[in-house]
Amino acid sequence: MQHLLLIGYRGSGKSTVGAILARHLGRSFFDLDDAVEAAAGCSITEIFAREGEPGFRERERHALSESIRIPACVLSTGGGIVLNPENRAALQDAGFVAWLTASPEVLWQRMLADPLTASRRPNLQNGGLEEVVAVMGQRESLYAETAHARFDVMEKSPEHIASDILNAYEAWRKSEPEG
Ligand code: S3P
């Protein structure tokens with residue numbers, strides 16, 4: 001499949017860069033967190049409160065499997081999507097997986113500035129920089145094993161990052177049998 005999929009920690013700019021990529025490619029853009037909230041009819045914080053993390057992760061797994069059935073699109077995923085091995089395999093099969101990353105300090109500053117932070121997973125906003133460092137440490141190898149390429153988002157504009165990803169995506173498509 002030929003989807004363009006974005007993974008990475010919260011604050012790495014997946015949604016902003018994803019929207020730019022979709023515009024350049026003339027494709028639909030989907031944010032998986034938005035899809036989960038739309039299907040549940042409530043915010044992610046409310047899902048965590050009612051169903052706990054297992055309930056959210058099951059909804060996230062289902063939303064991913066549904067989203068990748070549609071024709072080639074640009075899909076931005078939640079920071080914890082890589083925790084489930086089934087999701088990691090589904091992402092790799094679905095197309096080109098770009099990992100957006102930055103230092104924990106930069107990610108934490110971006111999370112503080114993001115108005116959406118309050119409506120997302122509570123225990124990923126209360127632990128401060130130390131929690132970002134710890135969770136990044138747990139997830140880094142999972143992002144790395146899932147992604148086709150890694151993009152450092154520090155000191156680059158969203159347009160610049162999108163352009164780097166587009167170049168890598170085009171190269172990947174040329175190397176793919178169905179590309
Ligand atoms: C999560 C990240 C969030 C959202 C949920 C859980 C995580 O997505 O899926 O709050 O575990 O890292 P973003 O990375 O889009 O903020």
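Reply: Glu 155 is found in the loop that joins strand 5 (149-152) to helix 7 (158-175); helices (H or I, at least four residues) and strands (E, at least two) are DSSP runs, numbered from the N terminus. The model is a predicted one, in which local features need pLDDT of at least 70 and side-chain atom pairs count only at pLDDT 80 or more, whereas totals for chains, interfaces and linings use all residues. Residues are numbered from 1 along each chain as its sequence is written, and side-chain values use heavy atoms, with hydrogens and water left out.

The backbone of Glu 155 deserves attention: phi is near 55°, a positive value in a residue other than glycine. Most residues other than glycine have a negative phi. Glu 155 counts as exposed because its relative accessibility is 84%, the cut-offs being under 20% for buried, over 50% for exposed and partly exposed in between (1.4 Å probe, protein chains only).

Another loop position is Ile 70, placed between helix 3 and strand 3 (74-76). With a relative accessible area of 30%, Ile 70 is partly exposed. Ile 70 and Glu 53 are 17 residues apart in sequence, and their C-alpha atoms are 27 Å apart in space.

Met 1 lies in the segment before strand 1 (3-7) and is partly exposed at 41% relative accessibility. Val 133, in helix 6 (residues 128-146), is partly exposed at 43%; between its C-alpha and that of Trp 108, 25 residues apart in sequence, the distance is 9.2 Å. Ala 35 belongs to helix 2 (residues 32-40) and is partly exposed, with a relative accessible area of 30%. From the C-alpha of Ala 35 to that of Thr 77, 42 residues apart along the chain, the separation is 9.9 Å.

Asp 31 contrasts with these positions in being buried, at 13% relative accessible area. Asp 31 is in strand 2 (residues 29-31), and its side chain reaches the backbone nitrogen of Asp 33 at 2.9 Å. This is a polar contact, a pair of N or O atoms within 3.5 Å; within protein, one must be able to donate a hydrogen and the other to accept it, and residues adjacent in sequence count only if both atoms are side-chain atoms.

Asp 33 leads on to the ligand, where an N or O atom of its side chain is 2.6 Å from a ligand oxygen. The ligand taken alone exposes 390 Å², of which the protein buries 96%, with areas from the Shrake-Rupley method with a 1.4 Å probe and, for residues, only the protein chains shown as cover.

Around the ligand there are 13 residues, and those that come nearest are Lys 14, Asp 33, Arg 57, Gly 79 and Arg 139; a residue is near if one of its heavy atoms lies within 4 Å. Helix 3 (residues 44-67) gives the most to this shell, with 3 residues. By class, the shell has 7 charged, 3 polar and 3 nonpolar residues, where Asp, Glu, Lys and Arg count as charged, Ala, Val, Leu, Ile, Met, Phe, Trp, Tyr, Cys and Pro as nonpolar, and the others, Gly among them, as polar.
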